[in-house]
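Welcome, and please open the model in your viewer. We will go from stop to stop, selecting a few residues each time.

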Amino acid sequence: RYDDSANAKPPLGGISAAATFADAVSKAAKDFEDDDMTIQSILDDIDSMIGLESVKHEIHNLVNLLQVQKMRAEKGLKHPVMSNHLVFTGNPGTGKTTIARKISKIYKCLGLLEKGHLVETDRSGMVAGYMGQTAEKVTELINSAMGGILFIDEAYALSNNKMEGDFGQEAIDTLLKAMEDHRD
């Protein structure tokens, strides 16, 4: 218990735990809403992460490609039309969600996304118990993610259960249609 007397020192070298948590929450909110973030600052943040060397290389390549495409489009030159949908694979705890958040910020900086937010879900957030409800659930998620990124954690679980009465395939079908309709 923290003693508030004059001789007592607060924990954490002069910062209370409550202040530390509040500062962390404030910083996280500022990071998300910070419109002054640059692509370079985001790349520096990614580069400062431990490991993930091949991921870092791919992200730099992706950013370079997207920047060149943007410059070509601005000058009226031909540029390849490509989908910006991504699949992240890896063991739990390897930073897939963190990288997805960074990608959303990069896409926002490049003008590919209007808002740049990330909506995270999994099978339970997409699949309902009755026919027709799954498509509604997925459509609501897609609509909430418009202007940002929809991140489906453990998406493979949508196709794992092939029993009758499982609507994972309905979620996949709805998602694929929306991905095609909103390719850009």
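Start by selecting Asp181, which is partly exposed, with a relative accessible area of 46%. Here buried means under 20% relative accessible area, exposed over 50%, and partly exposed in between (1.4 Å probe, protein chains only). Helices (H or I, at least four residues) and strands (E, at least two) are DSSP runs, numbered from the N terminus.

A word on what you are viewing: this is a predicted model, in which local features need pLDDT of at least 70 and side-chain atom pairs count only at pLDDT 80 or more, while totals for chains, interfaces and linings use all residues. Residues are numbered from 1 along each chain as its sequence is written, and side-chain values use heavy atoms, with hydrogens and water left out.

Stay on helix H9 and pick Thr174, which is found in this helix. Is Thr174 buried or exposed? Thr174 is buried, with a relative accessible area of 17%. Leaving aside residues up to four places away in sequence, Thr174 touches Ala135, Val138, Thr139 and Ile142, where a contact means heavy atoms within 4.5 Å.

Now zoom out and colour by secondary structure. You will find 9 helices and 2 strands, running α-α-α-α-α-β-α-α-β-α-α from the N terminus on. Of the 184 residues, 28% count as buried. Residues 24 or more positions apart account for 63% of the contacts with a separation of 6 or more.

Next, two further salt bridges; the structure holds 4 of them. Select Asp45 and Lys102, whose closest N and O atoms are 2.2 Å apart. This pair links distant parts of the chain, with Asp45 in helix H3 and Lys102 in helix H5, 57 residues apart. Asp45 is partly exposed at a relative accessible area of 32%, whereas Lys102 is buried at 12%.

Then select Glu120 and Arg101, whose side chains meet in a salt bridge at 3.6 Å, N to O. Glu120 lies in strand E1 (residues 118–121) and Arg101 in helix H5, so the pair ties together parts that are 19 residues apart in sequence. Glu120 is partly exposed, with a relative accessible area of 41%, and Arg101 is partly exposed too, with 40%.

Time to go inside. Which residues have the most contacts within the largest nonpolar core? They are Ile59, Ile103, Ile106 and Tyr107, in a core of 18 residues. A nonpolar core is a set of buried Ala, Val, Leu, Ile, Met, Phe, Trp, Tyr and Cys residues joined through side-chain atoms within 4.5 Å. Helix H3 (39–47), helix H4 (53–74), helix H5 (96–109) and strand E2 (149–152) each supply at least two residues of this core, and the largest share, 5 residues, comes from H5. Centre on Ile103: not counting residues up to four places away in sequence, Ile103 touches Ile59, Leu62, Leu86, Phe88 and Ile149. A second, separate core has 14 residues, including Val119, Leu141, Ala145 and Ile172.

For the last stops, visit two loops. Most residues other than glycine have a negative phi. Leu52, in the loop between H3 and H4, has a positive phi of about 55 degrees although it is not a glycine. Leu52 is partly exposed, with a relative accessible area of 26%. Now jump to Glu154, in the loop between E2 and helix H8 (157–160). Glu154 also has a positive phi of about 55 degrees without being a glycine, and is partly exposed, with a relative accessible area of 43%.
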